Amino acid sequence: MHVGIDKINFFVPSYFMDMTDLAHARNVDPNKFLIGIGQSQMAVAPKTQDIITFAMNAALPMLSPEDKAAIDMVIVGTESSIDESKASAIVLHRMLGIQPFARSFEIKEACYGATAGVQLALGHIQRNPKSKVLVVASDNARYGLNSGGEPTQGAGAVAMLISADPHILRLHQDTVSLTQDIYDFWRPIGHEYPLVEGALSNQTYIESFGKVWTEYQTRTGLTFADFAAMTFHVPYTKMGKKAMMSELEKETPELQERLLARYEESIVYSRRVGNLYTGSLYLSLISLLEQSQVLKAADRIGLFSYGSGTVAEFFSGELVEGYEAHLAKELHEDILDNRYALSLEEYEQFFTDTLLTDQDQVFEDSQLFSIQSIQNTIRHYNEL
Ligand code: CAA
């Protein structure tokens with residue numbers, strides 16, 4: 001039996017900051033952001049949108065009534081939780097109208113959480129072939145105004161339906177994971193923004209890829225030549241390329257050229273969105289599948305997941321015949337093309353006007369879905 005990604009969709013908020021404008025405002029050469037970091041635009045969310053509204057917008061359009069009847073596990077991978085105890089997956093389960101006899105929970109390990117969810121889903125479906133699992137990666141990546149991480153922010157969600165006989169990507173049981181206790185990026189309880197050792201985070205990301213990739217080759221006997229494309233967690237678009245090149249530079253120029261061309265296709269969306277934290281790897285996968293003209297059924301795709309702290313994992317999947325018909329290229333390009341460009345003042349206002357959950361309030365936000373009010377610390381959303 002094959003198990004894997006049957007459906008996949010993303011959502012980003014309808015506001016973005018242009019990176020050239022941000023560079024000018026911060027007295028930085030725009031080419032540092034555009035070329036050095038590799039970002040053109042950065043998705044920004046207003047205070048009335050959170051991981052639940054991102055997740056609803058990503059998951060709802062792709063789920064049929066049959067899916068909602070078959071899903072018996074809802075997993076949210078996030079590092080932007082809105083509650084220390086209750087899982088956002090429970091609210092999502094209710095708002096989506098999924099049948100009641102389901103497990104719903106959240107997984108946290110920085111940007112790696114959704115990959116843990118995908119692997120858990122694989123095992124669950126192997127034991128229960130008729131069930132389906134909804135895995136949503138949803139985050140608001142914020143480092144704060146004038147911070148070192150400011151050009152690498154972003155916001156949004158990727159939703160995936162994992163099932164038997166998937167229509168998009170069959171996942172292999174070839175995964176290699178790696179845990180290392182390193183403080184490269186962390187957010188102590190009560191801190192609004194993460195603490196970051198930027199250079200250490202870059203170095204650990206690159207070294208982690210080298211370690212899991214070397215172990216993967218030893219265990220499987222596969223090499224770069226066996227892959228049609230490699231996708232990466234993309235905190236900023238230069239990051240995955242640096243990690244891939246640290247190993248790929250030992251290969252032939254032809255192989256380097258082929259995999260670098262696929263890498264460029266995989267970062268088309270991230271370049272316009274920024275870091276989605278848990279969703280970034282899967283946004284790269286969507287971008288690759290929708291932007292590449294050369295992929296075909298049975299091609300092997302590599303996936304490198306990295307969560308600071310740190311956990312890294314490399315695994316692979318095989319494209320299913322007819323996968324193109326199960327994507328939403330035009331819709332996704334429309335979402336990115338039809339966003340509102342924030343002025344610097346509006347962008348900074350989004351950061352300073354934070355959501356105070358200990359005050360009862362009512363909001364106006366026409367976005368489906370958004371926070372409509374706060375009552376007794378509880379967020380109320382517009383419903384279906
Ligand atoms: N033209 C072209 N390139 C330029 C330039 C110019 N005018 N000016 C600078 N650059 C280049 C630099 O040479 C550098 O390139 P290389 O890395 O290839 O040498 C690049 O722009 C970035 O410059 P700096 O290293 O000086 O940038 P910085 O000190 O401002 O830090 C950062 C960059 C570390 C990514 C910082 O934004 C940050 O801390 N971000 C958050 C942490 C992060 O994303 N880490 C990634 C790995 S951790 C992870 O993946 C988990 C996660 O999601 C957080």
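Predicted model: local features only at pLDDT ≥ 70, side-chain atom pairs only at ≥ 80, totals over all residues.
Residues are numbered from 1 along each chain as its sequence is written, and side-chain values use heavy atoms, with hydrogens and water left out.

The ligand is surrounded by 24 residues, of which Lys32, Gly148, Ser201, His233 and Lys242 are the closest; a residue is counted here if one of its heavy atoms lies within 4 Å of the molecule. Ligand oxygen atoms lie 2.7 Å from a side-chain N or O atom of Lys32, 2.3 Å from one of Lys242 and 2.9 Å from one of Asn275. Taken alone the ligand exposes 1100 Å², and the protein buries 69% of that (areas by the Shrake-Rupley method with a 1.4 Å probe). Helices H2 (30–37), H7 (198–220) and H8 (237–248) are the elements that give two or more residues to this shell, and H7 contributes its largest share, 4 residues (helices are DSSP runs of H or I with at least four residues, numbered from the N terminus).

Elsewhere, the axes of helix H9 (residues 253–266) and helix H11 (residues 280–291) come within 7 Å and cross at roughly 110 degrees. H9 is therefore roughly perpendicular to H11, a label that covers angles of 65 to 115 degrees. In this pairing, Arg262, Glu265 and Ser266 of H9 meet Ser284, Ser287, Leu288 and Gln291 of H11, where contact means heavy atoms within 4.5 Å.

Conventions. Polar contact = N/O pair within 3.5 Å; in protein donor to acceptor, adjacent residues only side chain to side chain. Axes fitted to C-alpha atoms, helices over the stretch in contact; angles between N-to-C directions. Parallel < 35°, antiparallel > 145°, perpendicular 65-115°, else oblique.
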